[in-house]
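Visitor: Please take a close look at one part of this structure, the nonpolar core, and set it in its surroundings.

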Amino acid sequence: MTAPPLLELDDLHTFFYTDTGVARSVDGVSFSVGAGETVGVVGESGCGKSVTALSILRLVRAPGRIEPGSAIRFEGKDLMTLDEGEMQHIRGNRIAMVFQEPMTALNPVFTVGEQIAEVARIHGGMSRKEARAKAVEMLTLVGIPAPEQRAGEYPHQLSGGMRQRVVIAMALVMNPALIIADEPTTALDVTIQAQILELMADLTRRLGTSILLITHDLGVVAENCSRVIVMYAGEVVEEATAVELFGRAHMPYTEGLLGAMPRVGGESERLATIPGTVPPPTAWPAGCRFRDRCPYSWDRCEREHPPLYQIGAGHTSRCHLAEEPEHRNHPHPPLAAQRGASAA
Amino acid sequence: MSRQTTIAAGAMTEGGAEPILSVRDLTKHFPIKKGIFGRVGGAVRAVDGVSFDVAAGETLAVVGESGCGKSTTGRAILRLIEPTSGSVRFNGQDVLALGAGELRALRRQLQIVFQDPFSSLNPRMSIGAIVREGLTIHGLAEGAAADARVKQLLEEVGLRPEYASRYPHEFSGGQRQRVGIARALSVEPKFIVCDEPVSALDVSVQAQVVNLLQDLQRDRGLSYLFIAHDLSIVEHIADRVAVMYLGHIVELAPVQAMYSRPIMPYTQALLSAVPAPEPGVKRERILLAGDVPSPANPPSGCVFHPRCQHPARDAACAAIVPPLEEKAPGHWAACIKQPPSVVSWEAQRAAGGTNPPDFYLPVSALHRSADGAPRAHAFTPPR
Ligand SMILES: Nc1ncnc2c1ncn2[C@@H]1O[C@H](COP(=O)(O)OP(=O)(O)OP(=O)(O)O)[C@@H](O)[C@H]1O
Ligand SMILES: Nc1ncnc2c1ncn2[C@@H]1O[C@H](COP(=O)(O)OP(=O)(O)OP(=O)(O)O)[C@@H](O)[C@H]1O
Ligand code: SF4
Ligand code: SF4
Ligand SMILES: [Mg+2]
Ligand SMILES: [Mg+2]
């Protein structure tokens, strides 16, 4: 790729200054999203996925702060240098966000048609009448039956799946270059999830919209993303194409996530587990942050924080096994398992 | 129209084993209050005539979309909510006829683990006290013996015994779910209703809890009613699966039969919607039209008819309530267009039917071939 990527995070640090210490929730994250690309972000609860998303839109609230030295380049601008007015323009026109719970993005006292029309009027400079027609058009586009009638209904009158489609319709009205979708289908049922993901895939095909898809469902990632970023303890720990990641995961944490996932049609043996839990962000361990849960760790992992090693074309892994693969031959029970599954 | 019941008692466990739990025509309607005077105007038919059996040592999974009545079914069985009608027999006892004292005794054998590990534990009680409560209520152990038992239970679910003095907020979701399981186990039940015990958890923690449940079943011969919406977990843990839609069981079959030859069109759509965890593999989806209708105003006839993709669907589907009937040995499904059916083609025609029944099984719904091998997926490179 010769053209610069649409979005590029460079050494993003976002910290929360809490009573119990500084939570280093996002601790040096770099990755990029190309035009028309769908990139997945996966990782356990608390590893910093949502804070990364909020940072891109500069929506982190006190006691949180994006640390100096972080760069967020989007369409050639460093978003960190923009003032709030310019940032609002980006949020309203170029980057849309879809959250897990659609109610948070909808206003309960306006009809969904009014809410979509409002976005069209402000961002598309349309007249009231044009905007209203646009709202119905968008509801049709996202597959809401009887869109004329639904446009006149309030959010509480719609099901969860329909509300999420309304939020996506609002996001699309501004024809953004990038949609950040944070667990957009987690609260929905599989059949509705299939509808929403189909809709988003269709958009990238037809409009060339880029999508940053945050999810904990590896099946969703496999089906929808061309590239995957695995986060652990505030860092990117592995990045690869979806095919490479599912076929040749390198970082033991990624292996663990893949092993723990039950597969429909898969063999019904015992599920693999990752003992222990993510350490608190106020006290990331020195060395490799996954060390206590890793079956291959050795003394170097305790001493030395692993950098992102390049282990193949477009494939990076934050694990010393890249340099000393022989340690894979001697797996041992992880420290967390030795202390009992409860040790956290 | 009342639902035809083609179920003989005891006929619904695999291989006809004597059931430990037998549920017949279970119904729960929640009245809808309208206006300031609380007049009752209609009802939410949350569970509408559900029948099934669970054998000792068996896991029956209950799946279906949000709001289809899974939790209500689980709670009604334990009488945490009073069913509107129907019968529930546990170990030969008529559960719905029990008085308060007998009900308490029953709950020693029949326990529940709740959907939400964050709200189901009392935040003001230490986890030791939470686990100990059941021991005290049922007079199973006191004093030092109870302390020892609590420690043992915590160890059994993989928690450190010294955690007994800590409070729920100090634990992660997976750990709290373990506390819920330890609480259920404290009274040595025979049967546990597990209401989405792993839905709120990360895959890594989910695997820990699923393995734990399976170990406990093996060691203690427990039976589970396992409520879930994740079909891959269900395939992993269940012996048989019941699919619910709008308060009805629409299909009930051994897991292998369900995943290799789903009969009811809704089950087919549900299975086709599960994402394949292999990159580049994009299964053909049966995309259902619209959303689940409201259980306050369910469609006539087959409750699935407004969204059904069966090519033979016709006016008869909107008129006739399909009975849950045994279409193949041990494989029950409710669809008049999937032969064989006790609702004859003549009867369907009389009800306005225009398309004769014709067996329909889209490839996209299949996850296993008939011999049980995982279905091979054609590999297409990702975009
Ligand atoms: N407002 C806040 N104040 C203090 N800490 C916070 C705040 N918001 C997030 N954090 C912390 O930052 C870390 C990362 O949180 P984040 O929400 O990004 O996790 P996540 O990866 O999105 O997890 P999940 O899968 O549960 O959504 C967590 O440990 C969280 O407790
Ligand atoms: N106490 C109540 N009063 C009125 N309606 C109720 C009550 N409890 C449940 N319902 C309704 O009954 C229906 C079935 O609810 P239930 O909780 O059993 O669904 P579920 O299948 O467990 O869904 P989920 O997957 O979201 O947990 C829903 O329409 C719900 O709104
Ligand atoms: S660096 Fe060491 S501890 Fe960390 S993941 Fe690799 S092998 Fe495991
Ligand atoms: S009875 Fe008719 S509407 Fe119902 S599932 Fe069968 S074909 Fe579809
Ligand atoms: Mg999040
Ligand atoms: Mg429920």
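Guide: The account below begins with the core and then turns to the chain around it. The model is predicted, so local features need pLDDT of at least 70 and side-chain atom pairs count only at pLDDT 80 or more, whereas totals for chains, interfaces and linings use all residues. Residues are numbered from 1 along each chain as its sequence is written, chains are lettered from A and ligands numbered from 1 in the order in which they are written, and side-chain values use heavy atoms, with hydrogens and water left out.

A nonpolar core is a set of buried Ala, Val, Leu, Ile, Met, Phe, Trp, Tyr and Cys residues joined through side-chain atoms within 4.5 Å; buried means under 20% relative accessible area (1.4 Å probe, protein chains only). The largest such core has 141 residues, and those with the most contacts inside it include Ile116(A), Val166(A), Ile168(A) and, from chain B, Ile181(B), Val241(B) and Tyr266(B). Its largest share, 9 residues, comes from helix α6 (residues 160-173) of chain A, helices being DSSP runs of H or I with at least four residues.

Leaving aside neighbours within four places in sequence, Ile116(A) is in contact with Val166(A), Ala169(A), Met170(A) and Val173(A), and also with Ala135(A), Met138(A) and Leu139(A); contact means heavy atoms within 4.5 Å.

In chain A, buried residues make up 57% of the 344 residues. Of the contacts in chain A with a separation of 6 or more, 65% join residues 24 or more positions apart. The C-alpha trace of chain A spans about 70 × 50 × 45 Å along its principal axes.

Definitions and conventions
Buried < 20%, exposed > 50% of the residue type's maximum accessible area, 1.4 Å probe, protein only. Helix = DSSP H or I, 4+ residues; strand = E, 2+ residues; numbered from the N terminus.
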